[in-house]
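Trainee: Could we go through this structure together, slowly, so that I learn how to read it?

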Amino acid sequence: MAPGPARTADLVARAERLAQDRGLQFTALRRRTLEVVAEEGRPLGAYDIAERLSAPGKRVAAVSVYRALDFLTEHGLVHRIASRNAFVPCEHGHGAGESAVFLICRRCGSVDETISTEIERSLDRTLAQAGFKPASRIVEIEGECEACQGRHEASLPPD
Ligand SMILES: [Zn+2]
Ligand SMILES: [Zn+2]
């Protein structure tokens, strides 16, 4: 994940377009919540987001942040990582009902979002067989990212 102002601006622009197309309100709190999530390089919980949005004498309640996150999640601008109860910006812009696969590194906490049509297809089959109607289609895989594996190997003594 490469956090930064460019990606934040892209995401905000995407949110603005989407809100306009669907006749939704992209409120100041929704925008600021999206900015905080986009600028962070790791999954962020609602309480951390509330803290960042709060200024001295002007606290933002976590419940308001949760409502903003509901909106952002519903419209595919951020995703909730269930195993962390934390939120990450969407790296793709896939439509509703499309699945996302998250690769979560246990060492550095990085989260990579990928899309796999193969997983998508077999998930479709599995869901159809089970007669199950999914509310979200998010696959989370925990492990060790490439960079952390590299660090690990580099610290081993040479043969
Ligand atoms: Zn996504
Ligand atoms: Zn890592």
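Mentor: We will start with an annotated site and then turn to a pair of helices.
This is a predicted model, in which local features need pLDDT of at least 70 and side-chain atom pairs count only at pLDDT 80 or more, while totals for chains, interfaces and linings use all residues. Residues are numbered from 1 along each chain as its sequence is written, and chains are lettered from A and ligands numbered from 1 in the order in which they are written.

Trainee: Which residues does UniProt list for "binding site"?

Mentor: The unreviewed UniProt entry lists Cys 105, Cys 108, Cys 145 and Cys 148, although such annotations may be inferred rather than shown by experiment. These residues are spread over 44 residues of sequence, yet they cluster in space, with a largest C-alpha distance of 8.2 Å.

Trainee: New topic: at what angle do H3 and H4 cross?

Mentor: The axes of helix H3 (residues 46-53) and helix H4 (residues 62-74) cross at roughly 110 degrees and come within 9 Å, where helices are DSSP runs of at least four residues, numbered from the N terminus, and axes are lines fitted to C-alpha atoms over the stretch in contact, with angles running from 0 to 180 degrees between N-to-C directions. H3 and H4 are therefore roughly perpendicular to each other, a label for angles of 65 to 115 degrees.

Key
Helices (H or I, at least four residues) and strands (E, at least two) are DSSP runs, numbered from the N terminus. Angles under 35 degrees count as roughly parallel, over 145 as roughly antiparallel, 65 to 115 as roughly perpendicular and the rest as oblique.
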